[in-house]
Amino acid sequence: MTDTDVVIVGARCAGSAAAIALAKAGLRVTAVDSARFPSTTISTHLLWPGGLAELARLGALSRVEALGAPRLPTASVEIPGIRALGGYSAVDGIGYAMCVRRAGLDLALVETAREAGAEIREGHRVTGLLREGGRVTGVEVAARGGRAYRLRAPVVIGADGRRSTVARLAGAAEPYLSRRDGRACYYAYYDDPHEELRPIAAQWRQEAELGTAFPCDGGLTLVLLMPPDARRADFAADPEREYERTIAEGLPDLAKRLAGCTRASRVFGASGLESYFRPSTGPGWALAGDAGHFKDPVTAQGIRDALRFGRLLGEAVAAGTPLRDWERRRDRECLETFYWTDRMGRADPVGPLDVEMHRALRDDPALMTRFLDVYSRIVRPAEALTTARLAAWTWRALRGRGTDRAGLLRFVARSAWEMRQERRDTVARLTGDGPNRYP
């Protein structure tokens, strides 16, 4: 006996994307979420063109754009003395980024799922899994107010985030591949009167500090700091004070960008993060979005991947495709980005290679676009950061006055070794060859 064809636990990005795909295919879908919408969640919420293209494929982009977030056709990356500006290649005709607050974004996705025919139950929390013969066959639910009930379905999708209840109950909470993130995240919203700067998504790095300003909906700008995770104790004592101090003293060029702006929210934060892949499919169940795979937020890939692989999971279930095939596709598309993001998220101070790279990006707009296209996932990291480019930048850095040549060569050698190991690990995991084979 079944109550619905698919139960989805969690109705934010991954859950709604799966629900939309399943409902469009004619299946009965019930998504339950402990939250009520609109409601927010901790998130960097920047969408590159590739992420916006995923919203368009779901039929949700028009709703999202109606929230009023400005289009961001220009990206700026800056280190002391060097600023590089560039644009993106279009993905399905979309050549701009957007930063959308999660309350509006998630509600737009929920509304799109309901329009497609999915049932979304808000304020309902999953407390257990139903099983028959070793297979998951549904969920136990507690509705807000205390009413408990069971919901039976041949497939249960856990789209309930990093602390996924479904992953824990399915015995999949332990990752088979993980990395400790090198940076923490602290952000707030600012009233931003600078209309001329609202088409620009900007990032600054100085020493080991990293900060961004992403104009978003409501006339606001999201200002995100990603200090070394080792500094989280500084923020724990007084997050508001340390956030302001870091901008003023650690990122003076970001402070100049915020001149005339007024902070309009408290400081939100997350630290001690871990990137991972979890086993994400089993008899009658699957994990979508952060429930199954999470990357350091430094490259802002989470929403795009939640939308894409939530949709693809829904399409796979509807077509009767083995869930393992979907999981392998997710990992095949995400492993290289996972390792690249891990390197990008290390809290290393700005070094001579960073200087040469930023000079090259400043002087060559086409190269800047190619690097930005890595964020949209239409160029692989290895296709942008080629051996030839790395060698050229290393040579120029070695010739620079005051360069610690021995230290630079050690850094380059270590980085080259890591990238070789990562490529081997990726092949091994996806082909089943060697001790690190795909689980």
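Colleague: Which residues of α11 and α14 meet?

Modeller: Pro352, Leu353, Glu356, Met357 and Ala360 in α11 meet Leu390, Trp393, Thr394, Arg396 and Ala397 in α14. Contact means heavy atoms within 4.5 Å. Helices are DSSP runs (H or I, at least four residues), numbered from the N terminus.

Colleague: What's the make-up by class?

Modeller: That contact has 7 nonpolar, 1 polar and 2 charged residues. Ala, Val, Leu, Ile, Met, Phe, Trp, Tyr, Cys and Pro count as nonpolar, Asp, Glu, Lys and Arg as charged, and the others, Gly among them, as polar.

Colleague: And what's the angle between α11 and α14?

Modeller: About 115 degrees, with the axes 9 Å apart. Axes are lines fitted to C-alpha atoms over the stretch in contact, and angles run from 0 to 180 degrees between N-to-C directions.

Colleague: What are the ground rules?

Modeller: It's a predicted model, so local features need pLDDT of at least 70, side-chain atom pairs need 80 or more, and totals for chains, interfaces and linings use all residues. Residues are numbered from 1 along each chain as its sequence is written, and side-chain values use heavy atoms, leaving out hydrogens and water.

Colleague: On to rings. How many aromatic pairs?

Modeller: The count is 12. Rings of Phe, Tyr and Trp (its six-membered ring) pair if their centres lie within 6.5 Å; planes under 30 degrees apart are stacked, over 60 edge-to-face, the rest tilted.

Colleague: Why is Trp340 with Tyr375 edge-to-face?

Modeller: Their centres are 5.1 Å apart and their planes at 75 degrees, so the pair is edge-to-face. Trp48, Tyr88, Trp340 and Tyr375 form one aromatic cluster.

Definitions and conventions
Helices (H or I, at least four residues) and strands (E, at least two) are DSSP runs, numbered from the N terminus.
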